[in-house]
2 protein chains.
Amino acid sequence: MGETEGRGQLVAAVDLGGTKILTALVSSRGKVLVKRHHPTMAAEGPPAVVRRILSGINQLLSSRRAASGVSSLSIAAAGAIDMERGVVTKSPSLPGWVDIPLRSIVAEAFQLNTIIVNDANAAALGENYFGAGRGARNLIYITVSTGIGGGIIINGELYLGASGGAGELGHMTIDINGPRCNCGNTGCLEVLASGTAIAKETRRRLGQGEKSSLSDIVGGRVEDVTAEKVALAAQGGDALATAVVARAATYLGAGMVNLVNIFNPEVIVVGGGVAKMGDLLLNPVRQVVQERAFPQLAQTVRILPAQLGDDAGIIGAAVYAFQKTGAMR
Amino acid sequence: MGETEGRGQLVAAVDLGGTKILTALVSSRGKVLVKRHHPTMAAEGPPAVVRRILSGINQLLSSRRAASGVSSLSIAAAGAIDMERGVVTKSPSLPGWVDIPLRSIVAEAFQLNTIIVNDANAAALGENYFGAGRGARNLIYITVSTGIGGGIIINGELYLGASGGAGELGHMTIDINGPRCNCGNTGCLEVLASGTAIAKETRRRLGQGEKSSLSDIVGGRVEDVTAEKVALAAQGGDALATAVVARAATYLGAGMVNLVNIFNPEVIVVGGGVAKMGDLLLNPVRQVVQERAFPQLAQTVRILPAQLGDDAGIIGAAVYAFQKTGAMR
C-alpha cells in the first residue's frame, strides 16, 4: 500500500444491526474516513430497512471523500448469511429478515462489486487486522452482548465452514441440563452468559427479595434491569450484581476453555456490550481458563478486550472486501 | 503420481500407541505395503519403548519393498506433541513419556527426514485423504475409545493451532456440573462418553443391583466390565447396556452439536474402539445433532464411521509426511 490512498482504495462499508445502521468509507489501512449513524427501525420490516441502507450508501458515495474512488461495497449484517447467494437467511435482531437477497439488491442499485458477511465474522477480521489481535495467525473473536456470536480466523483468513455458518460460539452446550436456549438447544453459552442472561438472572434474584442497590437504580421496576445497569452496580461493589457477573464469567470462562482446548489459539478477542466491563469480567474469565484448560494451551493464549468498539463491523467488512479483491493479504 | 510407486514414494510410518506399535511402509496413494505389530510394553518405560520403535523401523527399512526408496519416516504418537521441537511432551497412555525428543532420536538413528504428529491428528488426515471423509475441505475427526481425541482439517490441511495442541475435542465441557475429568476440568465430553465412562457407568448401575446379562458375561466380576462388553450386550438387546449406550450417545451428540455450530463442517468422522458399535451409537448421535444444532448446519454435515480402522494412524502419518515433502497436496 502506498503512502496516499489512491483511486479504488476505499470500501463503502455498512454495519447492519438491530438498532442502528453504521455506514463509512474505510481505507485499506483500516482508517474510517466518513462515518454516519442511521436508526435501523427494524420493526418497520425489511423493505423500509433496505431503503435506509440504500440511502445511507448513497450518502457515502456522494461524499467528497468518495471521489477518490470506491472499489466495492461491503455489508456486515447481524444474522445468518448464505455467503454463496449473498442472502440474509434469518436474523434474531431483524424481524422479517428471512431469505432477503441483500447483496444483489445493493449491487444492482449501485453497480458496484458488493460483499455481504456476518457482523461477528467481520468484527473478527477487523480485530485481527487493525484491533486487539493484530498479526495473529489464529484468532477467535467472541462478542458478548444481547446474544453471543463469534468469528474464527485461521491462517489470517476468516473461516466460514462448509456453508458459511461457522463461528456460532454462543451455541456450545456448556450445561446440558441447563435452561433452553432460543436456538432450541439446552445450556448454550448464550443462555448462560449473554447480556440477556445477566439481566434475567438479576431480575430473578431481585424477585426473590434479595437486597441490591439495583432496586433503587431502577426505582423498584425490576423489569428495567439491564446488563449495563448490573455492570455499573457491580463496579460500585453491589453484592448481588457482583455475584451475577461472577456467575456469567464462570460460564464464559468454561466456554473459552472449550475454545482453547479445541483451537489452541494465539488470541481470543472479546467484544460486545457486556465486554465493556473490561477486567471486571475478563480477569475471572482468564482465571477459569488457567485453572481448567490444558496448561500448555492456557499458557499460549492471550484473552484481550476488543479495541475497535462500534467500528469493528465496518472495518472488518472493509478488510473482507479488500481481501476478496486482492488489495490486502 | 505415476502408475508405479517410484523411488522415494514410500514413507516408513509408525503408530505408537499405549498397547501396540504399528509399523508400515505406506505409498503416496495410501497403500499399506508392509505392516507389522509390536507390543508397546509401555510399563517398561521410554528407553525400552524407543528401542522397540527403532527395531521396528529397522525391520521396515530392511524389507525388500523398502529397496524401491523410502523418502521419510513419520511417527503418529498417542500423546501431546511439541511439533516444533519434535518432542512427546506427555502422554496419558505412555508412562514416563515427558519431553522425550523422539524425532531427533529417530532421525539420528536412520539419517532420514523424520516427522512426528499426534495420532488422532494423523488419523484425521488419513480419513480425509483415503478414508470416510475423502475430498472434504473441512472435516472433524473424533476418536472415541479409552479417551476421546480428535483432529481438525481446514482447507484440506491439518489445523494444529498456535503451539501444535489443537483438536482436544474430548475436553469440551458439556456439563459444567458434571464429574471431574482426568484433565482437571469438569464435565468434559471424555468423562461422559468415552469407553472408560461407559464401563464406569455400567459398573455403577450393576453395583446398585440392576439386572443385566452383563453380570453373567463377566461371571459376577463387575470390575471386568468393559465398553466392548457393554456394546455386545446392547447389540443383544440388554436393557441396562442399551440405556448406558444411549446416555453416552446423548453426550456425544451434544459434543457434536458444539462442533457443528462452531465449525459448520462437511463431515465428522467417528473412529476409535467405541465407534465400532456403528449405527447403534451413531444413529442416536445423528438424531441429537438434527434436534439441537442450527438447522442449516445440521443439514450440511455428514456424520460417518471411520473407514481405515487401525491403519488410520500409519496412513495419516504418511499423508502428513508426503504433504510436508511436497509429494502430496
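**View 1. Chain A contains 11 helices and 12 strands.** Helices (H or I, at least four residues) and strands (E, at least two) are DSSP runs, numbered from the N terminus. The radius of gyration of chain A, taken over C-alpha atoms, is 20 Å, close to the 20 Å that the globule rule gives for 329 residues, so chain A is as compact as a globular protein of that length. The globule rule is 2.2 Å times the number of residues to the power 0.38. This is a predicted model, in which local features need pLDDT of at least 70, side-chain atom pairs count only at pLDDT 80 or more, and totals for chains, interfaces and linings use all residues. Residues are numbered from 1 along each chain as its sequence is written, and chains are lettered from A and ligands numbered from 1 in the order in which they are written. The C-alpha trace of chain A spans about 60 × 45 × 35 Å along its principal axes.

**View 2. A rotation of 180 degrees, with 0.0 Å of shift along its axis, superposes chain A on chain B (RMSD 0.0 Å).** That is the relation of a two-fold axis. The superposition is by least squares on the C-alpha atoms of residues with pLDDT of at least 70 in both copies. In the contact between the chains, 36 residues of chain A meet 36 residues of chain B; two residues are in contact if their C-beta atoms, placed from the backbone, lie within 7 Å. On the side of chain A that touches chain B, the elements giving two or more residues are α8 (239-263) and α10 (295-300) of chain A. α8(A) gives the most, with six residues.

**View 3. Helices α5 (residues 195-207) and α8 (residues 239-263) of chain B pack at an angle of about 140 degrees, with their axes 10 Å apart.** That makes α5(B) oblique to α8(B). Axes are lines fitted to C-alpha atoms, for helices over the stretch in contact, and angles run from 0 to 180 degrees between N-to-C directions. Angles under 35 degrees count as roughly parallel, over 145 as roughly antiparallel, 65 to 115 as roughly perpendicular and the rest as oblique. Residues making the contact include Ala197(B) and Arg205(B) of α5(B), and Leu240(B) and Ala248(B) of α8(B).

**View 4. Asn113(B) lies in the loop between α2 (102-110) and β7 (114-118) of chain B.** Asn113(B) is partly exposed, with 15 other C-beta atoms within 10 Å; 20 or more would count as buried and 12 or fewer as exposed. Not counting residues up to four places away in sequence, Asn113(B) touches Ser72(B) and Thr325(B).
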